[in-house]
Structure formats: C-alpha cells, structure tokens
Amino acid sequence: MALSLYVDTARWRAHQKSVLDQFPGLVPVCKGNGYGFGHERLADEAIRFSSDTLAVGTTYEAARIKDWFSGDLLVLTPFRRGEEPVPLPDRVIRSVSSVDGVHALVGARVVIECMSSMKRHGVKEEELGLLHAAIEDIRLEGFALHLPLDRTDGSDAVEEVIAWMDRLRAARLPLHTMFVSHLRAEELARLQQQFPQTRFRARIGTRLWLGDHEATQYRGAVLDVTPVVKGDRFGYRQQKAASDGWLVVVAGGTSHGVGLEAPKALHGVMPRAKGVARAGLATVNRNLSPFVWAGKQRWFAEPPHMQVSILFVPSDAQEPRVGDELVAHLRHTTTQFDRLVDH
C-alpha cells in the first residue's frame, strides 16, 4: 500500500511539447525533488525531447544527475569561494554572480548572472567594467537574468531585459547568449526579434513539468479502517472522537511531505480570511488533511505520522474500505511518492 503519483503520460508529454514549441531553445530545469517526479525521471524526459542542456539546482544535484543525462548541466546556484569542491565533468556549467567568482573559476564554463529586480544575487551594473579582464580566463557561456514572477509596480519584464542588454553592450561584453527565467512566450519572441544576434534561452521548470494540473494526481491507499463512537479515545495523544465515524489510516505521512506546506503569498481579502480561519482551527487541533473522500477534504484525526496519516470520516459519509485510494492535494515540490504509475 503506497502514496502513489499517477501520471497521464500522453497528456503530460503533450503539455511538454506545447511549452517546448513556445520556447525554442528551452533549458529544462530539474532541481530540488525533481518537481515531484524525481531527478532520474526528468532527466529521461529531457533526453526524450533531445534537450542539449539540463539546469539543476546545486553541484550535489549535478553530481547525481550526470550519470543519467549526458548533455550539458547548468548549475543554477552561484559559485562561491570556499564552497565544498564536488567532482564534476567538464560539461558542467557554473553560474556566477560576482566578479570575484569569475576570477576564481579559471578555465571553467561559466554563465554570469546579472542583478535583476529580484535583488537575489547577480553582478551589478557598476561592476560590468571589471568583467573584461575576468572573462579572459573563463569560457563564457552567456549571461543570465532571473526575473520576478509578479510585477505589482506595473513594470515590463521585456524592458528590464532590454535595459540589461544595453548595459552589457555598452560595456562591450559578448552578447551571444542570454539565459532568462519567468518570461512569457510572446515576451521572449519580442526580445529575439529586437536582438537577432543573441540567442535567448528560457530556463523553465514549473511551467514545463507542472503546467497541466490534470495530467498528474497523488493518491494514498487506505491501510485500515476502524469504527469509533463519540467519546472513544484514540491515537498517540488519546484524544476523544468528536462524533461517530471511522478512523481511516491512509498511506502518506511526514516522510512523504504530508502535513508540510510551503508558505503562500496571499492576495485579496478572501484568501487572507481563509488563512486566518485555518490558523484559528489549528489552535484547537483541527487541521484539514490533503486527502479527499466522498467529494470532501477530510480532517486529520491527529497530526500525520511518519509514513501514514489518520483521518476522521464521519458516519454520514460512505465507509472507506481497505485498498481504496484517496486523492491527495499535495504540492509536487514538497512531496516524495512511494511509486510512480504511468497510465
């Protein structure tokens, strides 16, 4: 009995193709937990659609993925002096976000990250003059801009890229390749038209692998069902059942990422109100689980265990049976499945 990720493979790959068609030269991103699919599976998919480069998060990920993907590997985390050395093949390209980092990577293949409005990391405009001497000792693969997802100030993503292209050109730096993140297809096309001598390569992960929500589904198998009446004690903490119903043990616990949730940016009154309501219920040990039974998300009976969760299903619902599978609304980037099922 397992927490399973079901993939409608034909639909998933049709979505991949639609994204690849919109973004010529796309660099697929495979980082973290492989967007819920795992590094090996995404490496196989990148090979299937003939990608020449795969972007990964860290040097440690590159060391693992190098045995599954034979093309270039672009490490997105910038190099820092003093970092632990990881043995990597020459086909690994390092991101660098400082002039000092460029000087430290003599002979290496390098992508130089520019400081965008994200203000996360990158070479600043006033440092561009210092790059001339530095790039003589590296193999420059291009520059890169990691852009914000939302632009609440009404600014234009294309204009931000153009501004950096103008700065780099004014500094007489080579503009053969620019890697970009979080641009729409039409924005990328505008840039390519304006700068025909530069190859723009979009680094895309979420949109490529998770853009079609209907192509994938998590399901947890029911392992046990125990009837309880109001007042019965149960679980690690021996809480009392609030009403008659069933305690349902389902595959999927904290080791899978169940019960773990990344913070969300809330916009608007209603989402904020719902967030306040959830927080209030949590203070009295009422936590909604990600598992759905009979059309409703069901409450955790108690906090999830390491590999299973115990849910409470009230007596007015249909009784679950051992072997049933409950759909689970889980975030791909924080979930580890037991098995992946292509269908």
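R184 is partly exposed, at 46% relative accessibility (buried means under 20% relative accessible area, exposed over 50%, partly exposed in between, with a 1.4 Å probe and protein chains only). Its side chain meets that of E186 in a salt bridge, 2.8 Å from N to O (a side-chain nitrogen of Lys or Arg within 4 Å of a carboxyl oxygen of Asp or Glu). E186 is partly exposed too, at 45%.

This is a predicted model: local features need pLDDT of at least 70, side-chain atom pairs count only at pLDDT 80 or more, and totals for chains, interfaces and linings use all residues. Residues are numbered from 1 along each chain as its sequence is written, and side-chain values use heavy atoms, without hydrogens or water.

Now take another salt bridge. R203 and E113 pair at 3.4 Å, N to O. R203 sits in strand β9 and E113 in strand β6 (residues 109-114), so the pair ties together parts 90 residues apart in sequence. Strands here are DSSP E runs of at least two residues, helices H or I runs of at least four, numbered from the N terminus. R203 is buried, at 7%. E113 is buried as well, at 5%.

Next, helix α7, residues 185-194. Which of its residues are buried? They are A185, E187, L188 and L191.
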